[in-house]
Amino acid sequence: MNVIKAENLTKRFGNFTAVDAISFEVKKGEIFGFLGANGAGKTTAMRMLCGLSSPTSGRGEVAGFDIEKQSEKIKSSIGYMSQKFSLYGDLKVYENIRLFAGIYGMPEKKIKVRTDELLEKLGFQKERNTLVKSLPLGWKQKLSFSVAVFHDPQIVFLDEPTGGVDPSARRQFWEMIYEASSRGITVFVTTHYMDEAEYCHRVSIMVDGKIEVLDSPSNLKKIYSAASMDEVFHRMARKAVRNET
Amino acid sequence: MIKYLIEKEFKQIFRNRFLPRLILGFPCITLLLMPWAANFEVKNINISIVDNDHSSCSRRLADKIVSSGYFKLIDIAENYAAALENIELDSSDVILEIPDNFESDLTVTDKGASLMISSNAVNGTKGALSASYLAGIIRDFSAELRRENPSPQSAFIPVINIIPQYRFNPNLDYKIFMVPALMVMLLTMLCGFLPALNIVGEKEAGTMEQINVTPVKKHIFILAKLIPYWVIGFFILTLGFGIAFFVYSLMPAGSFLTIYVFSSIYVLIVSGFGLVISNYSKTMQQGMFVMYFFILILILISGMFTPVNSMPWWAKIITVLNPLKYFIEVMRSVYLMGSGFTDLFIQFIALCVFAVIFNVWAVLSYSKKS
Amino acid sequence: MKHDLKMPPDMIQLLSFIKKEFYHILRDKRTILILLVMPVIQIILFGFAITTEIKNNKIVILDPSRDIATSRIVRQLVESEYFELAGYLKSDKDIEKVFINHEAELVIVFADKFSENLMHTGKADIQIIADASDPNTAVSLFNYASGVISYYQQELMNENNVPYQITSGIRLLYNPGMKGAYNFVPGVMGMILMLICAMMTSIAIVREKETGTMEVLLVSPMRPILIIISKAVPYFILSSVNLTTTLMLSVFVLGVPVAGSLFWLVLFSVVFIFVSLSLGLLVSTITETQVAAMLISGMTLMMPVLMLSGMMFPIENMPKFLQWLSHIIPARWYIAGVRKLMIKGLGVTSVLKEFAILGGMAVILITVSLKKFKKRLE
């Protein structure tokens, strides 16, 4: 069963075509890697799927809802973690969890229980009452992710979730992704770290607003007879004409 | 769901290092200091007298002017040019020129004398008032002379006795005029500027996107933003009532309830307007400038400091669209005239219409998509 | 022929920073538009709409006798530009209602048998009742009305050839038309320059603090003073544009001429712009967030400038402590100076005090904020 469907999804800003008629599908329970160089159009595509931006043409479906007409319905079924840290810095750790859980309509009691569980799992018990802005970056990202999946969405969208942190923190982060996936949450993740691409079930590579290839990492390496995803990526990226921004 | 959002707004306001101090301190300082500033009462007018007559009569007039209490004699100038210099240096406000045959014109030849009053009218009102006070004293002076020297003609002098009566504020206390006006200004500024910076602040911080990707309803989100300012408005108003009573012994002639009801509608208007501006702004700076622009205009053409009646027709039309005008009318009527709901029906309807328009607009202009 | 201009490296750095700031400002079209249009609209509004002149006020008459004398007085009242007749009242019970329903600003009550009393006993009463919830308007209205009535009395005396008559001619200096604009133009100029300069500068600096880019600038080899200058220069230029538009508007649209020397007026304004910019600088050093900087420079400065600068309310009428307080408000000195230079057309010697005070304020503000700024660095 497909939980994300895109057909000729296009987004133009003036003369600039950020996303150029992309079509793909993501299966339920998959970890789908959405790769591409900076400026390839990943974030724009993802924002359209999340209902944050309307497509210029083409259509898409997320969790069975149309992204243009039913975007508010989609929002109840997804979680989202943006590239820029976007929890409330002036709220405490537990207050951020409580706020977003509350917005998604989780009952008060359940919020309390699950917050305690979560903080314990993350080892954040001591930081429960810390203002979020004073957490180190790696912790902020873990918290953002946890908030994004706290209400058990069907799908979670992660935009460059591991930008700027060291490899060991990135590994820990991917453990969390796997854990969420094991709970049945479909994961749609953009990244430009190619070692992370290896962790995905399937990946697509976007170049200049178009999806160039879409397959499992092992198949891609076979087709391009490359030793790593990194190599595959570099071959693709060479085709790019757009400037990196 | 709204509970969590409101909780969050309050926490953000109170956790800010600056906002709580501003919300408490700004109204206090304003209400303690500013009511004393407004005083158009024209007294202690500085006068230069050019006495070309040097007669007992002209000296007597000068004495009378000084003893009236309105005027302070700065100097007896040699000539008009010297007196004008005083005006230029702002050391004097009015010049009275007494011609050289003043006394003889008045008493000997009996053909009547003439004087010249020159008043600094850079501030037109003050200039005209000073001149008319002086003319009044001169009229009294001639009446005095007539009483002292009765003549057949002065047996019949018609005297019209003009009795002023100042309704609602018999002692012409400017503080009664200012305190309600300042309360309106405070509500407008605090409940207008803060929301104008709010949503756009979240846009700049990036938290807006995290909210937009949740299923939160637009009107719920806007309502959660409004309610804290509504509460702040009530707080400011109550603080204002307290200061008005304890510092200036002012109590509204009408009921507190009327003011609270009208204020609660008014705060919704300004805050809603602030949110509309915030929705359309890309940066906080933009939001601030746009709001500043509107608030200044709204305050100045509300009739708060200058009467609406004196405005040209096009400005009067603008005032019809100015919610502040209605609210200031309400505040003054309730505070001073003791008006109740029935007297303020038009204002009530007008304010409700504004409240609905701005808040619906705030919901509609908040777009969860970019 | 090509000159090899050798600029010191500091200068080159400075210029490139100023350029950067300019680009930054120019990119935000809406803010630029507001900055340039705001003074225009404010001057026009102030010039035409905001006036303390009293005109076209509705009066209501209570006149039981309706005789020759009263009708002549009423006619004279209505013929003056101050009043408009809104109707007659039947009984004094209706007076209160007139005010509560805002039907009129003034009620004139003639005593019973007015003309009869006036002609036979030589005495008659008129009561002028004003709505004093706005005491300023009430007093002015009373004075205008009683002026018209005194004039009538004077006419009667002339007719009866009464001795000891003194006629007083009245000349209104500088502003014979009693235009409100003469009073307000300097005030608006002061307010616009003060608030825009202070607000813009403080926001520009605090924003860099908030986003963290200030730290980057501070660790650069650029000297702090140059960073500040580069922030201030674009706003200085913008303010000068605003100054030009306000002056042009007041001369060509409002008809408020520059009666004195334009050169000194401009120079005086430039000093004031310096003070405002340095005030913004001070605000930026004591605040941490944009919100705080904006609210302090926009809101908490607006109140004293509006109230205590002498723009609205005459300073000489204020109680001593407020008069004293008004001394520290730069706009007060600016407005006083502009009134002398622009409206009265006096020479520069008359504003030496204002010049010196504003100059002193600029020096003090800049020194204090530089000190604070350096402290942050250490």
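These are my notebook entries on what I looked up in this structure, which is a predicted model.

**Entry 1: confidence in chain A**

I began with the predictor's own confidence, and for chain A I noted a mean pLDDT of 90, with 99% of the residues of that chain reaching 70 or more. Within chain A the confidence is highest in strand E7 (residues 155–159), at 95, and lowest in helix H9 (residues 229–237), where the mean is 83.

**Entry 2: which chains touch**

I then asked which of the two pairs of chains that touch has the most contacts, and found that it is the pair of chains B and C. Chain A and chain C do not touch, and I noted 13 Å between their nearest C-alpha atoms.

For chains B and A, the contact takes 18 residues from chain B and 24 residues from chain A. Helix H1 (2–15) and helix H8 (207–212) of chain B each supply at least two residues of the side of chain B that touches chain A, and the largest share, six residues, is that of H1(B). Here I counted off five nonpolar, seven polar and six charged residues on the side of chain B.

**Entry 3: a sheet with strands from chains B and C**

I followed an open sheet of five strands, whose order is E2(B)-E1(B)-E3(B)-E4(B)-E5(C) and whose pairing is mixed. Why is one side of E2 of chain B and of E5 of chain C left without a neighbour in the sheet? Strand E2 (71–77) of chain B and strand E5 (166–173) of chain C stand at the edges and have a single partner strand each, so one side of each has no neighbour there. On average, and with direction ignored, neighbouring strands of this sheet are turned by 25° against each other.

I went through some of the pairings in turn. Strand E1 (residues 45–51) and strand E3 (residues 94–98) of chain B are paired in the parallel sense by five bridges, and in E3(B) the bridge partner of B:Ile47 is B:Val94. H4(B) packs on this sheet, where it touches E1, E2, E3 and E4 of chain B as well as E5 of chain C, and its direction makes about 170° with that of E3(B). Returning to E3(B), I found B:Asp51 opposite B:Ile98 of that strand. The pairing of E3(B) with E4(B) is antiparallel and has four bridges, with B:Leu96 opposite B:Ile117 in E4(B).

I also checked how far E3(B) is covered, and five of its five residues are buried. In a regular strand the side chains alternate between the two faces of the sheet. In E3(B), B:Val94, B:Leu96 and B:Ile98 point one way, whereas B:Ile95 and B:Glu97 point the other way, and all are buried.

Apart from this sheet, I looked at E5(B), which runs parallel to strand E4 (residues 123–131) of chain C and is joined to it by nine bridges. B:Ile163 stands opposite C:Gln127 in E4(C).

**Entry 4: domains of chains B and C**

The domain assignment of chain B gives domain 1 as 10–38 + 172–365 and domain 2 as 45–155, and the centres of these two domains, taken over C-alpha atoms, are separated by 49 Å. For chain C the assignment gives domain 1 as 14–50 + 179–377 and domain 2 as 57–160, with 47 Å between the two centres, again taken over C-alpha atoms.

**Entry 5: one residue, B:Ile328**

Last, I looked up B:Ile328, which is found in helix H13 (residues 323–337) of chain B. Is B:Ile328 buried or exposed? B:Ile328 is buried, because 25 other C-beta atoms lie within 10 Å, and 20 or more are required. Leaving aside neighbours within four places in sequence, I found B:Ile328 in contact with B:Ala181, B:Val184, B:Ser302, B:Gly303 and B:Met304. The C-alpha atom of B:Ile328 is separated by 33 Å from that of B:Lys3, 325 residues apart along the chain.

Methods: Residues are numbered from 1 along each chain as its sequence is written. Chains are lettered from A and ligands numbered from 1 in the order in which they are written. This is a predicted model: local features need pLDDT of at least 70, side-chain atom pairs count only at pLDDT 80 or more; totals for chains, interfaces and linings use all residues. A residue is buried if 20 or more other C-beta atoms lie within 10 Å of its own, exposed if 12 or fewer, and partly exposed in between; C-beta atoms are placed from the backbone. Two residues are in contact if their C-beta atoms, placed from the backbone, lie within 7 Å. pLDDT is the predictor's confidence in each residue, from 0 to 100. Two strands pair if DSSP finds at least two bridges between them. Axes are lines fitted to C-alpha atoms, for helices over the stretch in contact, and angles run from 0 to 180 degrees between N-to-C directions. Domain bounds come from an automatic or database domain assignment. Ala, Val, Leu, Ile, Met, Phe, Trp, Tyr, Cys and Pro count as nonpolar, Asp, Glu, Lys and Arg as charged, and the others, Gly among them, as polar.
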